[in-house]
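Please read them with the structure open.

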Amino acid sequence: MSSPAFSRMLDAIDRGAFPRTRKWAWRGLYNMLSRFWRDDDWRFMNYGFVPDGAPFPLKPEDEEERAFIGLYQQAVEGLPVAGARVLEVGSGRGGGSRYLARYYAPASVVGLDYSPETVRLARRLNADAPALSFETGDAERLPFPDGSFDIVINIESSHCYANVPAFTAEVARVLAPGGWFTFADMRGRGMIAELDRQLAAPGLELAEGRDLSKGVVAALNMADARKRARIGKAFLMQRFITEFAGAKGSMLYKGLAGGEVSYVARRYRKVA
Ligand SMILES: C[S@@+](CC[C@H](N)C(=O)[O-])C[C@H]1O[C@@H](n2cnc3c(N)ncnc32)[C@H](O)[C@@H]1O
């Protein structure tokens, strides 16, 4: 089932090739998805995470999204979210920001995304959540003043950026002293050391690192039937979308299951 276009894309991400072109292409892809695929029940665009152990608490109406919420739950578990000013960079359709706003009583949550169509959709899909807003903007040039957030969260978005160090320097700038940066994304196994170098901005101190790959594969298994039903409705590019979605048997699924691709989480503290 592997799609040659998808395979070339993964390869280019790993090599860091054509950063500006890739960044532009990702924005086009997300704009297109949000323009033509506007289902009200599609609020997440991540591969999900199922933690070991007892399931975390969720309201019955959110159970269907458990796998995708899992990446957000692990990202903020134990962090002081209540009363915090939270920024999500790469918020997509807004399901993760909505989860934070509804479950953790933050002072505010701002979701920022580079794709204007996706921001418009996120506003529509999440209009009912408290203290939540969405803005269009670039991770590499955050449109916020210095020290204006207590927590910055970034889930499965950094692989789209042209310049990850520019992004992390911006995170360090907009975080208040003592604030938290919580990150999750995937790379080829051989690129994780380079990713860690890119994330280590001056002013950010590494507090915790984990490999989430096993729980991500469990989530891909859990969500497979639902994804396939959605993909079945697509008129075009079904092979590409199957790869993009990480469906069972896709290159990405095999890479994660076989250890050639690693999905990692990191937490950094802004030093005072
Ligand atoms: C795989 S989706 C993940 C969305 C969301 N975090 C989730 O888990 O559902 C990646 C998102 O990152 C956004 N993105 C890509 N490049 C960006 C950039 N330079 N600045 C901000 N957002 C960006 C995309 O538009 C897309 O919505």
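1. Main core. The model is predicted. Its largest nonpolar core has 59 residues. Val 86, Val 152 and Val 216 have the most contacts inside this core. Helix 3 (residues 66-76) gives the most to the core, with 7 residues.

2. Second core. A separate core of 5 residues is also present. Among its members are Leu 121, Ala 122, Leu 125 and Phe 134.

3. The 7 strands form an open sheet in the order 3-2-1-4-5-7-6. The pairing is mixed. Strand 3 (132-136) and strand 6 (204-211) are the edge strands, and each pairs on one side only. From one strand to the next, the twist averages 15°.

4. Strand 4. How much of strand 4 is buried? Of its 7 residues, 7 are buried, and the strand is mostly covered. Strand 4 spans residues 149-155. Strand 4 runs parallel to strand 1, with 3 bridges joining the two. Here Val 86 has Ile 151 in strand 4 as its bridge partner. Val 86 is also one of the residues with the most contacts inside the largest core.

5. Strand 4 to strand 5. These two strands pair in the parallel sense over 6 bridges. Ile 155 stands opposite Ala 184 in strand 5. Together with helix 6 (residues 164-174), strand 4 and strand 5 make a β-α-β unit, which is right-handed.

6. Strand 5 to strand 7. Which way do strand 5 and strand 7 run relative to each other, parallel or antiparallel? Strand 5 (residues 175-188) and strand 7 (residues 261-270) run antiparallel. They are joined by 9 bridges. Trp 180 stands opposite Arg 269 in strand 7.

7. Helices on the sheet. Helix 4 (residues 95-103) lies across strand 1 (85-89), strand 2 (108-113), strand 3 and strand 4. Helix 4 runs at about 175° to strand 2. Helix 5 (residues 116-125) also packs on the sheet, where it touches strand 2 and strand 3. The direction of helix 5 makes about 165° with that of strand 3.

Note on methods: Residues are numbered from 1 along each chain as its sequence is written. This is a predicted model: local features need pLDDT of at least 70, side-chain atom pairs count only at pLDDT 80 or more; totals for chains, interfaces and linings use all residues. A nonpolar core is a set of buried Ala, Val, Leu, Ile, Met, Phe, Trp, Tyr and Cys residues joined through C-beta atoms within 7 Å. A residue is buried if 20 or more other C-beta atoms lie within 10 Å of its own, exposed if 12 or fewer, and partly exposed in between; C-beta atoms are placed from the backbone. Helices (H or I, at least four residues) and strands (E, at least two) are DSSP runs, numbered from the N terminus. Two strands pair if DSSP finds at least two bridges between them. Axes are lines fitted to C-alpha atoms, for helices over the stretch in contact, and angles run from 0 to 180 degrees between N-to-C directions. Two residues are in contact if their C-beta atoms, placed from the backbone, lie within 7 Å. A crossover is right-handed if, with the strands pointing away from the viewer, the path from the first strand over the helix to the second runs clockwise.
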